Amino acid sequence: MRRYGKHTDEDDIRSRPNRKGNRPRTHIRPKHEDAAEGLVLTVDRGRLTCLVDDRVVLAMKARELGRKAAVVGDRVAIVGDLSGRKDTLARIVRIEERTSVLRRTADDDDPYERVVVANADQLAVVTALADPEPRPRLIDRCLVAAFDGGLEPLLVLTKSDLAPADKLLELYGDLDIPYVVTSRAELDSGEAADRVREQLDGRITAFVGHSGVGKTTLVNALVPEERRRTTGHVNAVTGRGRHTTTSALALPLAGAGGWVIDTPGVRSFGLAHVDPSRVIHAFPDLEPGTEGCPRACSHDEPDCALDAWVAEGHADPARLYSLRRLLATRERTEGD
């Protein structure tokens, strides 16, 4: 082996010939300034279906993106064959900055954070009032994820013909969350879809809910030309439905200028990724009272300044209770 001293010259360096005759590798990546803008509609086993102008294009992620993954709702830059013809494949070379992110983990001890939807304006939490029974802790967790990710929540309560909505609405009344209550008859007649559509006009709305609550049935009513397979039967023993939506899918809302994103049914919603200090931003009426809090205050501890501030009449005590109920949801199981 040849060894070089401290004062080597360029002439002393032997360069290995490139026998293949191809260009040497470089760390300089192209900027793809001529790339087209696309919207990710769905992801299936590494292939991403995107909307480019008025064409549906199948694409794959470029190697230079590394481990960064594109999800439904992402705005991306695409190059290659953008014709949308059969057996063509484009390439996603850039994922644009996201305005909001809905994330979840498998459970509260799971360090792996999964992005479910990007750039949605609103999170519609769909819950049945009966068959299966409502799970308030799961609703709480979805609300925390919405507040943390920058989405505005919307409650959609289904099957009101089987049970009244008053008790559940009272639980969330102090959060000032908009809601829509529907029945199975209204769903069949289309009246339910019309009332829900009023809340979706001009917005990108992600729908979440556990299996059997009628989420996909409602999405089918909202976007009838893009029908997905509806939810299967609810198990009489477990009270849970069968997953029939297996991947998130963005669908255009006809006439309203918005988008509906149907997501797979969830049985758990881990919040390991959520910083509790960010949840307070969803309570602007309480934020001024945190100025006297100790550093890194969780707002659910004895020294929290919110107690005295609310006691002085600056805010409704019910709002503080609602905040702390959401903050404590990580310490409780979803079935409590």
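**Contact order.** I began with contacts (heavy atoms within 4.5 Å), and among those between residues at least 6 apart in sequence, 64% join residues at least 24 apart. I note that the model is predicted, that local features need pLDDT of at least 70 and side-chain atom pairs pLDDT 80 or more, while totals for chains, interfaces and linings use all residues. Residues are numbered from 1 along each chain as its sequence is written, and side-chain values use heavy atoms, with hydrogens and water left out.

**Confidence.** I looked up pLDDT, the predictor's confidence in each residue on a scale from 0 to 100; the protein averages 83, and 81% of the residues score at least 70. Over residues 229-245 the value is below 50, although this stretch has 42 contacts in the model beyond near neighbours in sequence. Where pLDDT is low, the predicted coordinates should not be read in detail.

**Overall make-up.** I find seven helices and 13 strands in the protein, taken as DSSP runs numbered from the N terminus (helices H or I, at least four residues; strands E, at least two). Of the 336 residues, 46% are buried, where buried means under 20% relative accessible area, exposed over 50% and partly exposed in between (1.4 Å probe, protein chains only). The protein exposes about 18900 Å², of which carbon and sulfur atoms supply 47%; the areas come from the Shrake-Rupley method with a 1.4 Å probe, and for residues only the protein chains shown count as cover.

**Cores.** I then looked for nonpolar cores, that is, sets of buried Ala, Val, Leu, Ile, Met, Phe, Trp, Tyr and Cys residues joined through side-chain atoms within 4.5 Å. The largest has 56 residues, and those with the most contacts inside it are Leu102, Leu123, Leu286 and Leu323. Its largest share, eight residues, comes from H1. Apart from this core lies another, of 19 residues, among them Ala128, Ala193, Leu200 and Val223. In soluble globular proteins, nonpolar side chains tend to be buried together.

**Helix H7.** I went through H7 (residues 317-327) and found it mostly covered, with eight of its eleven residues buried; among them are Arg319, Ser322 and Leu323. The buried residues of H7 pack against H1, helix H2 (166-172) and helix H6 (306-311). Leaving aside neighbours within four places in sequence, Leu323 is in contact with Val279, Ile280, Phe283, Leu286, His299 and Leu306. At the start of H7, a side-chain oxygen of Asp316 reaches to within 3.0 Å of the backbone nitrogen of Ala318.

**Salt bridges.** I counted a salt bridge wherever a side-chain nitrogen of Lys or Arg is within 4 Å of a carboxyl oxygen of Asp or Glu, and by this rule there are 18. In one of them the side chains of Arg325 and Asp140 meet at 2.9 Å, N to O. Arg325 lies in H7 and Asp140 in H1, so the pair ties together parts that are 185 residues apart in sequence, and both residues are buried. Arg103 forms a salt bridge with Asp148, the closest N and O atoms being 2.8 Å apart. This pair links distant parts of the chain, Arg103 being in strand S6 (residues 101-104) and Asp148 in H1, 45 residues apart. Arg103 counts as buried at 17% relative accessibility, and Asp148 likewise counts as buried at 11%. The side chains of Glu96 and Arg94 also meet in a salt bridge, at 3.3 Å, N to O; here Glu96 is partly exposed, with a relative accessible area of 30%, and Arg94 is partly exposed at 31%.

I placed Thr127 in strand S8 (residues 122-128), where Thr127 is buried with a relative accessible area of 2%. Beyond its neighbours within four places in sequence, Thr127 is in contact with Pro134, Ile139, Val156, Leu157, Thr158, Leu168 and Val213. In the loop between S8 and helix H1 (136-149) lies Pro132, and the peptide bond from Asp131 to Pro132 is cis, with omega near 5°. Asp131, in the loop between S8 and H1, has a phi near 55°, a positive value in a residue other than glycine, and is partly exposed with a relative accessible area of 39%.

**Another positive phi.** I also checked Asp87, which has a positive phi of about 65° although it is not a glycine. Asp87 is found in the loop between strand S4 (75-80) and strand S5 (90-95), and is exposed, with a relative accessible area of 74%.

Notes. A polar contact is a pair of N or O atoms within 3.5 Å; within protein, one must be able to donate a hydrogen and the other to accept it, and residues adjacent in sequence count only if both atoms are side-chain atoms.
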